[in-house]
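Thanks for coming, everyone. Please have the sequence and the model open.

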Amino acid sequence: MEQAKGGRRGRAALVFGAIVVIWLALDVATKGWVSGGWSEGEVITGPLLGLVRFHLVHNTGMAWGMFGDSTFALGIMSLVVCAVMTVYLFAFSPRAGMLETAGIALVVAGGLGNALDRFTLGYVVDFIEPVFIDFPVFNVADIGVTCGFVLFLAGMLLTWRRDDRAASLAAAQAEDPEGPDER
């Protein structure tokens, strides 16, 4: 039983690490590409399929301009959230499923990507701008944070549902250890 638990944790750590490294690398690469050849405010591409355009923005706050010029504080907050979620996953959620693990990994990768920008550049490089809706410009890290949080919540709900079913089954077996009559 202990070995199975250790194997599950090892797999979770491997999946977590791989997702963090891959998503963080994708974020850094896309931000590097967009920052390398264009100036702030420049529109890089026209609307792609009528959905988004690439428009380079240097963001010192959060979405919708909240907490503008709070770059350092937001960077610290990102690191704290990343640390808390990682500790939760590996210390307080021993039965976390792959959805929870992948979700937290995406949140951590996104948080690290944006914190890296905040500490090295003094702003976050955003460049994906929806054209069909009034929405803030964002980046690959933001996609990881948002999608990761949704996956994390879905994984938690599925785990709770699985645990509730197991508890109900155990309670039913405790009431009738021989099972239903076969007549």
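First, a term: helices (H or I, at least four residues) and strands (E, at least two) are DSSP runs, numbered from the N terminus. This is a predicted model, where local features need pLDDT of at least 70, side-chain atom pairs count only at pLDDT 80 or more, and totals for chains, interfaces and linings use all residues. Residues are numbered from 1 along each chain as its sequence is written, and side-chain values use heavy atoms, with hydrogens and water left out.

Let's start with helix α1. W33 lies in it. Buried means under 20% relative accessible area, exposed means over 50%, and partly exposed is in between (1.4 Å probe, protein chains only). W33 has a relative accessible area of 45%, so it is partly exposed. For contacts, the cut-off is heavy atoms within 4.5 Å. Leaving out residues up to four places away in sequence, W33 touches W38, I44 and F54. Now look back along the chain to G10. It is 23 residues from W33, and their C-alpha atoms are separated by 34 Å.

I22 is in helix α1 too. Buried or exposed, what is I22? It is exposed, because its relative accessible area is 58%. From I22 to V34 is twelve residues along the chain, and 18 Å between C-alpha atoms.

D27 also has its place in helix α1. Its relative accessible area is 0%, so D27 is buried. Which residues does D27 touch, not counting those up to four places away in sequence? The partners are G113, N114, N139, V140 and A141.

Next, a loop residue. L49 sits in the loop between α1 and β1 (52-59). Its phi is near 55 degrees, a positive value in a residue other than glycine. L49 counts as exposed because its relative accessibility is 82%.

On to helix α3. It has 24 residues. From first C-alpha to last, α3 reaches 34 Å, close to the 34 Å expected at 1.5 Å a residue. That expected span is 1.5 Å times one less than the number of residues. The helix is mostly covered: 17 of its 24 residues are buried. After α3 comes G122, with a positive phi near 90 degrees.

Now the cores. A nonpolar core is a set of buried Ala, Val, Leu, Ile, Met, Phe, Trp, Tyr and Cys residues joined through side-chain atoms within 4.5 Å. In soluble globular proteins, nonpolar side chains tend to be buried together. Here, the largest nonpolar core has 13 residues. Those touching the most other members are F16, V20, M85, L89, I104, V108 and F152. Elements giving two or more residues to this core are α1, α2, α3 and α4. Helix α3 gives the most, with five residues. Take M85: beyond residues up to four places away in sequence, it touches I104, V107 and F152. Another core lies apart from the largest one.

On a 1 Å grid over the protein atoms alone, a cavity is a set of points where a 1.4 Å probe fits but cannot get out. A pocket is an open set with protein on both sides within 12 Å along at least five of seven lines. Lining residues have an atom within 4 Å of a point. Grid points are joined across faces, edges and corners, and a volume is the space filled by probe spheres set on the points.

What is the volume of the largest pocket? It is about 750 Å³. The lining has 28 residues, and M62, N114, D142, V145 and T146 are the closest to the centre. Two or more lining residues come from each of α2 (71-92), α3 (98-121), β2 (124-130) and α4 (140-175). Helix α4 gives the most, with six residues.

How many cavities of 30 Å³ or more are there? The count comes to one. The largest cavity holds about 70 Å³ of space. R8, R9, A12, L89, F90, S93, P94, A96 and T101 line it. Elements that give two or more residues to this lining are α1 (2-37) and α2. Helix α1 gives the most, with three residues.
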